[in-house]
Amino acid sequence: MLPIYNQKSRIKIVVAVIALLIGAATVVYTNLLVQRVSDREQEQIKLYAKAQKFIISSEVDSNTNFVFEEIINANTTIPIILTDGQNVVSAKNMNLPRGLSTADSVALMQRELAQMKLLHAPILVELGAGARNYIFYKDSQLLRQLRTYPLVQIVVIGCLAIIAYFAFSSSRRAEQNRVWVGLAKETAHQLGTPLSSLVGWQAYLRESERFRDEPIIEELGKDIRRLEIITERFSNIGSVPVLKDENLLQTTRNAIEYLQSRVSKKVVFSIESDLPTDTPARLNVPLFDWVIENICKNAVDAMQGRGAITLHLRRVRPRRTWYRRGAPPRQVAVDITDTGSGIPKNKFGNVFMPGFTTKKRGWGLGLALAKRIIENYHEGKLFVKWSEVGRGTTFRVVLNQ
Ligand SMILES: Nc1ncnc2c1ncn2[C@@H]1O[C@H](COP(=O)(O)OP(=O)(O)O)[C@@H](O)[C@H]1O
Ligand SMILES: [Mg+2]
């Protein structure tokens, strides 16, 4: 396996860890700030209480004026309600909405007071002669905002990470598409010239006295047919392929017949079907053949040239998807089971990655291509349905009707 996949998941882990660290650091640091601002507000309130007491118990002079201006009026942030134990005496920084009726503002004030009682113990102001006032207060708006700030930041970091991830992966997918399509088109194009020349040579030989009856013409014809199939596949994958209602059983049979003639006789193919013989499926024959061929060739490799490959046609219930409106499409599946070496469970997804191979001379493109053909071009599904190491594997191809 190419190391790139290990590397990719390592990068993902590193990014996730960094995001977590940023999140944790924000929380810790903001908590520190919150603690400090909160301490300072407590100090401020104590000072405020002292100032109240000082003003009430002193004669009015320049000192009281100073205290009033610098301490009492200087608090423009911390909401305060002063009571005499029963009734509200005065309030500061409460930011009540404008235009409230008296009854409403009294009710609102009571609610605020109840809230404040829960938050902090009130500060007692002895007024002398047994009279007492209580100062209730709550956190300033700044402090309250500061408390919610880590949450806001974590949500923002999360959103950014999600957006970046989708932007990144969709641009990578678009790039991959261009490579696949461009390469396929180019291949089909390049094969075209020698192929038509070969067809010309074949016609020439058929006319000639010397070769007319030689088996070479027949063999040449087979190779030409083979090259035509390859060209057709590449040109289909390099353009928007046409899907038609094809007889699924017949198409599968043809594909298998062709394969059986080209692999060892020790591999036994068989087809089973739960479906009526005329069941159609929407597919592009050259591309579907290519998928069956890739999967079966892998099966032959996994069985080391000896064993059984069974294709089973069945109806499957489509999964409902939230993004597709209306009735879900009717679907059929072709299950391709071999008696080969099997795939370990943690590799079920990896086998479809381009470049993933366990073979000395493998390219690791067969299943990537097959998945692409089925999922992008046919809007179907291709996945490992079952596999056990040493027992065999089932690939499932799901097609729409
Ligand atoms: N039927 C199967 N049984 C066991 N392993 C399989 C089977 N099909 C695919 N694989 C595994 O998936 C890998 C990728 O397959 P593929 O994409 O066709 O590339 P390649 O055939 O070039 O290795 C194979 O190398 C093999 O390890
Ligand atoms: Mg292969």
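Which of the 20 residues around ligand 1 come nearest? Select Asn298, Asp338, Thr357, Thr358 and Lys359: they come nearest. A residue counts as around the ligand if one of its heavy atoms lies within 4 Å of it.

Before going on, a word on the model: it is predicted, so local features need pLDDT of at least 70 and side-chain atom pairs pLDDT 80 or more, while totals for chains, interfaces and linings use all residues. Residues are numbered from 1 along each chain as written, chains are lettered from A and ligands numbered from 1 in written order, and side-chain values use heavy atoms, without hydrogens and water.

Now zoom in on Thr357, where a polar side-chain atom sits 2.5 Å from an oxygen atom of ligand 1. Then click Leu367: one of its polar backbone atoms is 2.9 Å from an oxygen of the ligand. Taken alone, ligand 1 exposes 530 Å², and the protein buries 91% of that (Shrake-Rupley areas, 1.4 Å probe).

Next, colour helix H7 (285–302), helix H8 (366–377) and strand E11 (392–400), which each supply at least two residues of the shell. H7 gives the most, with three residues. Helices here are DSSP runs of H or I with at least four residues, and strands are E runs of at least two.

Last stop: go to helix H1 (residues 4–57) and pick Ile13. Ile13 is exposed, at 53% relative accessible area (exposed means over 50%).

Technical notes: A polar contact is a pair of N or O atoms within 3.5 Å; within protein, one must be able to donate a hydrogen and the other to accept it, and residues adjacent in sequence count only if both atoms are side-chain atoms. Buried means under 20% relative accessible area, exposed over 50%, partly exposed in between (1.4 Å probe, protein chains only).
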